[in-house]
Amino acid sequence: MVFPQDEQESLVYDVRLSSVGPGRSSGLDIFHYPDGLDLALKLHYLKVVYLFDSEAAQGLTISKIKESLFNLFNHYFVPCGRFRRSESGRPFIKCNDCGARIIEAKCTKTLDEWVDMKDWSSYKLLVSQQALGPELSFSPPVFLQVTQFKCGGVAMGLSWAHVLGDPHSASDFINTWGQFFNNLNLKMPYNIPKPFPTPLKSEEPEKDPVTIKWVDPVGDHWIPANNKKMDTFSFHITTSQMNDLQEQIWGSSAEKNPSFESLCAIIWRCIAKVREGSEPTTVTVCRPDPNGRGNDIIGNDQLICKVEAGNDCSIVDTNLKTLARLLVEQGIDERKQIEEVVEKDQGVTDLFVYGANLTFLNLEDVDVYDFELRGKNPRFVYYTLQGVGDEGVVLVLPWSKGHNKSDIDGKFVTIILPEDEMVKVKYELKMNGVMVEGDF
């Protein structure tokens, strides 16, 4: 069921705002300087909604929430700061303990009623849609929304500015909050502010990265302007269905075939068929860096890889196995080139990554179901992005059947595309055996 805009807005009411910062001062004159890769992602925002039933939410009061956040932000004090600009115009964070924004709200539905609606566009009501700016120095990089359902269940919505860190960083942040909520004496490292980046050598990059796209200056309002109206659609594909699709692509091989690339190959070809005459022969694949972030507890370290099928290649006519192998084997990580481009312009250039090309974001290994309340995992986690370019993005994450995070059953896929393409893409997905109306 999809509600009209005015009916959607009436679903969530009694909205209240407040702020929470660290329980102790972080100190004077502490600054965090996002590096080139961070700034390349500054126009993107991660939006995550965690749905918990009434048993997990029992005793979840706003005072307890804020008490746990006081302790959490003693360690995560950088996200509590505010952006400033240096004389050159380069953005940096002044760690002034201004805090994250807390939103309290109520919903007219029970949790079961909300889940049964399957109205993905309504999930934006459960998480802040605020971007950084236009008053940059007053804008929090992190918003946390707590929405109470009629039944006593709760939705916890995280809005995370991507300039702070990648999906792993955001997931670690909220999962750690869950640990603090249950154990206020939890010991963990502090996030260490990044120093001003070392100037790069003066050589020109050999070739501009194809995984980014420049935009007209956005000033202090960090959100890209789309040329097309974007739409969002999500679906669940079970393990059994995923196995059938993999066998369709790879045959009955005994080897373990990659699920992410297999699924993306099918979606790639479906979108190419809809974009007849302008097939996306170059795509971007983003996935976690296997080497991790080292000692940093926040930061952007995911791989950003270009995959080029070639201008003379017809994606529609290419074998799915060939497309899947391209996604597995041919990705070239462009993070270094992106860093060089941004640093060359002192971090002032405005550009974006997601949607510069058709982008596939692998969240399979992100611990999206590790956030716990009272020892209970979420019933469901909804993950999406704000600030996606016109070429669109596909997010693939695990799907859990219930409260046991190890009880994974297939994938949950969210697709963000231009509105005029979505109906046709749904049809192509159905024709290719991908169920797009699954239950969860």
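In this predicted model, two cavities of 30 Å³ or more are counted.

**Largest cavity**
- The lining consists of His 32, Leu 164, Asn 191, Ile 192, Lys 194, Asp 296, Ile 297, Ile 298 and Gly 299.
- By class, four of these lining residues are nonpolar, three are polar and two are charged.

**Second largest cavity**
- Tyr 45, Gln 130, Ala 131, Leu 132, Pro 140, Pro 141, Val 142, Phe 143, Ser 159 and Ala 161 form the lining.
- Eight residues of this lining are nonpolar and two are polar, with no charged residues.
- At least two lining residues come from each of strand S7 (142-148) and strand S8 (154-161).

**Seven-stranded sheet**
- Seven strands make up an open sheet with mixed pairing, in the order S10-S18-S17-S15-S11-S12-S13.
- Strand S10 (230-237) and strand S13 (332-333) lie at the edges with a single partner strand each, so one side of each has no neighbour in the sheet.
- Helix H8 (residues 259-274) packs on this sheet and touches S10, S11, S12, strand S15 (358-362), strand S17 (393-400) and strand S18 (408-418).
- The direction of H8 makes about 160 degrees with that of S15.

**Pairing of S11 and S12**
- Strand S11 (residues 282-287) pairs with strand S12 (residues 303-308) in the antiparallel sense, over six bridges.
- Within this pair, Val 283 stands opposite Val 307 in S12.

Conventions
Residues are numbered from 1 along each chain as its sequence is written. This is a predicted model: local features need pLDDT of at least 70, side-chain atom pairs count only at pLDDT 80 or more; totals for chains, interfaces and linings use all residues. Side-chain values use heavy atoms; hydrogens and water are left out. On a 1 Å grid over the protein atoms alone, a cavity is a set of points where a 1.4 Å probe fits but cannot get out, and a pocket is an open set with protein on both sides within 12 Å along at least five of seven lines; lining residues have an atom within 4 Å of a point. Grid points are joined across faces, edges and corners, and a volume is the space filled by probe spheres set on the points. Ala, Val, Leu, Ile, Met, Phe, Trp, Tyr, Cys and Pro count as nonpolar, Asp, Glu, Lys and Arg as charged, and the others, Gly among them, as polar. Helices (H or I, at least four residues) and strands (E, at least two) are DSSP runs, numbered from the N terminus. Two strands pair if DSSP finds at least two bridges between them. Contact means heavy atoms within 4.5 Å. Axes are lines fitted to C-alpha atoms, for helices over the stretch in contact, and angles run from 0 to 180 degrees between N-to-C directions.
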